[in-house]
Amino acid sequence: MPIPNHDVAAIFSKVADLLEIKGENPFRVRAYREAARTVSGLSQSVADLLKEGRDLTELPGIGKDLAGKIEEIVTTGRLTLLEDLTQQIPGELTELMKVAGLGAKRVARMYQELNIRSLDDLRQAAEQGRLAELEGFGDKTQTKILEEVKRLRRDQTHRTLLAIAAQYAQPLMDHLGKAKGVKDLIIAGSYRRRRETVHDLDILATCKRGSTVMDHFVKYDEVKQVVSHGKTRSTVLLRSGFQVDLRVVPQVSYGAALVYFTGSKPHNIAIRKRAVRKKLKINEYGVFRGNGRIAGRTEEEVYDTLGLPWIPPDLRENRGEVEAAEQGTLPTLVELGDIQGDLHVHTNYTDGRHTIEQMARAAQKRGYKYLAIADHSQRITVAHGLMPKALREQIEQIDRLNDRLKGFVVLKAIEVDILADGRLDLPDEVLKELDLRVCSIHSKFNLSRTEQTERVLRAMDNPYFNILAHPTGRLIGERDAYDLDMERIMEHAAANGCYLELNAHPERLDLDDNHCRMAKNKGLKVVVSTDAHRMDDLAYMVYGVGQARRGWLEADDVLNSRNLKDLRTLLRR
DNA sequence: GCCGTTTTCGGCCCGACTGTTTTCAGTCG
């Protein structure tokens with residue numbers, strides 16, 4: 001099986017950490033970090049790119065040397081450089097860099113002078129007071145490190161789902177909004193870029209002179225610990241361990257600060273480099289020519305000084321958006337308001353909470369024109385999957401409901417299981433009575449890449465196959481994607497009039513952004529559906545649309561941005 | 001280690017906060 005990009009990236013990250021601990025040229029370290037990021041952000045595997053004979057030096061930040069190293073990893077599964085490095089210094093040292101407050105310099109010093117190699121060594125040294133004796137360390141540093149080591153054990157400090165972060169964010173924003181003298185208040189960072197998970201919240205504020213917003217912030221009820229507390233920037237941990245930063249800038253700097261704190265870091269670096277070429281300097285206070293500020297009040301102003309149109313935050317990952325902006329080819333991203341209906345929801349016929357009519361009314365209330373009821377099929381016994389007889393009952397009920405609804409249509413659908421051999425879990429004569437079929441895998445996740453891919457391709461050969469639901473099966477932070485050749489699947493889908501779902505459930509967001517972009521590049525439309533099991537779940541659409549935007553999708557690329565008539569036409573195979 | 005309207009060498013984004021410092025290093029974003 002080819003080496004996944006994720007593993008190549010992990011090797012480069014480790015090399016970067018070890019080189020940094022060794023005290024190597026920081027720009028060389030950065031080159032490895034950027035390479036790791038570039039590789040993990042690709043929609044196609046480097047192994048496949050090499051197989052196609054592509055020249056990897058075309059990738060940004062990949063030169064002759066790194067291209068050779070990627071090839072070495074892909075062909076041998078190893079990297080000599082990494083092995084050499086771990087001969088010189090213990091590879092476990094990179095674990096220590098995960099402790100907040102510890103970087104390469106301190107890790108190197110602790111290793112050289114106290115032979116600290118692991119979190120356990122570190123905890124012992126701190127408890128025995130040996131850390132504080134090192135030059136550049138003191139009592140406070142020692143205490144803080146000890147706390148962070150314990151916290152790392154306890155909280156795992158994993159990334160937080162965007163939807164969970166939103167639950168922390170709302171009451172906090174309400175709290176901050178009540179502070180004296182606050183003007184603008186906005187969440188920036190990866191939250192604003194709609195990443196599927198966030199590490200922390202970056203809140204940006206502008207306010208009148210003498211505002212108490214910073215004090216107001218650190219006194220928030222939910223704050224467990226104040227990590228830092230300055231005039232323009234403070235950091236706190238909430239009770240849950242979730243980190244929140246607040247930064248305050250003058251109003252004239254609002255746009256520049258918003259660009260800066262929205263990131264991503266690689267995007268910022270890209271535009272700052274561009275600024276340097278134009279003899280300008282960008283920081284969070286504005287765009288400067290010499291000492292004179294020439295822009296900064298709005299984001300549009302900042303981009304304008306660089307000769308660029310405003311770039312939507314969802315795209316700011318340095319994945320080609322700056323070049324697209326320059327060439328005037330930025331996509332007009334799909335918006336929540338473009339969505340005409342939801343094509344995958346459940347009801348109390350199987351494992352959903354609400355009735356067909358309740359779900360339909362809730363969807364209509366959201367402004368949709370249609371809703372597809374796609375309950376589970378018979379194989380999913382735990383969810384009371386529908387046997388043919390129950391499905392026929394449901395169909396009749398939907399027909400009766402449609403007679404009563406005005407300006408809204410409930411579509412008859414099913415979430416039919418794809419069996420291990422690629423057959424669908426209901427006979428064709430039942431499937432053909434439906435408006436559409438959502439097909440998905442819920443078993444045998446561990447098939448080989450070839451078997452799993454064939455399974456899906458065979459299922460698509462069934463003329464009643466319309467949409468592949470949650471295509472990779474991943475659960476963010478819980479379960480990896482099953483092993484699939486997504487390129488082949490997309491090509492097969494495109495060739496056979498099938499579609500892939502972007503499941504909007506915050507724990508799934510499957511397809512992810514890279515796969516969305518891959519689909520777009522292959523001319524394959526994506527369906528954004530919520531998989532709602534309750535009326536409230538219909539609101540997950542906003543997360544699906546966010547992910548679609550991150551994948552550069554326009555309304556035209558999203559099947560359920562079509563009106564019902566066009567939808568029916570496009571579903572015809 | 002990458003890269004080029006400063007093009008094959010010499011640069012590489014920029015500032016805030018903390019702690020241990022008397023002028024700054026380390027870390028972080």
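Strand β13 (residues 409-417) is mostly covered, with 9 of its 9 residues buried; a residue counts as buried if 20 or more other C-beta atoms, placed from the backbone, lie within 10 Å of its own. In this predicted model, local features need pLDDT of at least 70 and side-chain atom pairs count only at pLDDT 80 or more, whereas totals for chains, interfaces and linings use all residues. Residues are numbered from 1 along each chain as its sequence is written, and chains are lettered from A and ligands numbered from 1 in the order in which they are written. Helices (H or I, at least four residues) and strands (E, at least two) are DSSP runs, numbered from the N terminus.

In a regular strand the side chains alternate between the two faces of the sheet. In β13, Val409, Leu411, Ala413, Glu415 and Asp417 point one way, and Val410, Lys412, Ile414 and Val416 the other way. Two strands pair if DSSP finds at least two bridges between them. Strand β12 (residues 370-376) pairs with β13 in the parallel sense over 7 bridges, and Glu415 of β13 is the bridge partner of His376. Pairing of β13 with strand β14 (residues 436-440) is likewise in the parallel sense, over 5 bridges, with Ala413 opposite Leu436 in β14.

An open sheet of 5 strands has the order β2-β4-β7-β6-β5, with mixed pairing. Strands β2 (182-187) and β5 stand at the edges, each with a single partner strand, so one side of each is left without a neighbour in the sheet. Strands β4 (residues 200-207) and β7 (residues 243-249) pair in the parallel sense over 7 bridges, and Thr206 stands opposite Val249 in β7. Helix α13 packs on the sheet and touches β2, β4 and β7, contact being defined by C-beta atoms, placed from the backbone, within 7 Å. All 9 of the 9 residues of α13 (residues 254-262) are buried, so the helix is largely enclosed by the rest of the structure. Just after α13, Gly263 takes a positive phi of about 70°.

DNA strand B is surrounded by 40 residues, of which the closest are Gly63, Gly103, Arg106, Gly138 and Gly230; a residue is near the strand if its C-beta atom, placed from the backbone, lies within 6 Å of it. Elements that give two or more residues to this surface include α2 (26-40), α4 (64-76), β5 (223-229) and α14 (265-277). The largest share, 6 residues, comes from α14.

Definitions and conventions
A residue is buried if 20 or more other C-beta atoms lie within 10 Å of its own, exposed if 12 or fewer, and partly exposed in between; C-beta atoms are placed from the backbone. Two residues are in contact if their C-beta atoms, placed from the backbone, lie within 7 Å. Axes are lines fitted to C-alpha atoms, for helices over the stretch in contact, and angles run from 0 to 180 degrees between N-to-C directions.
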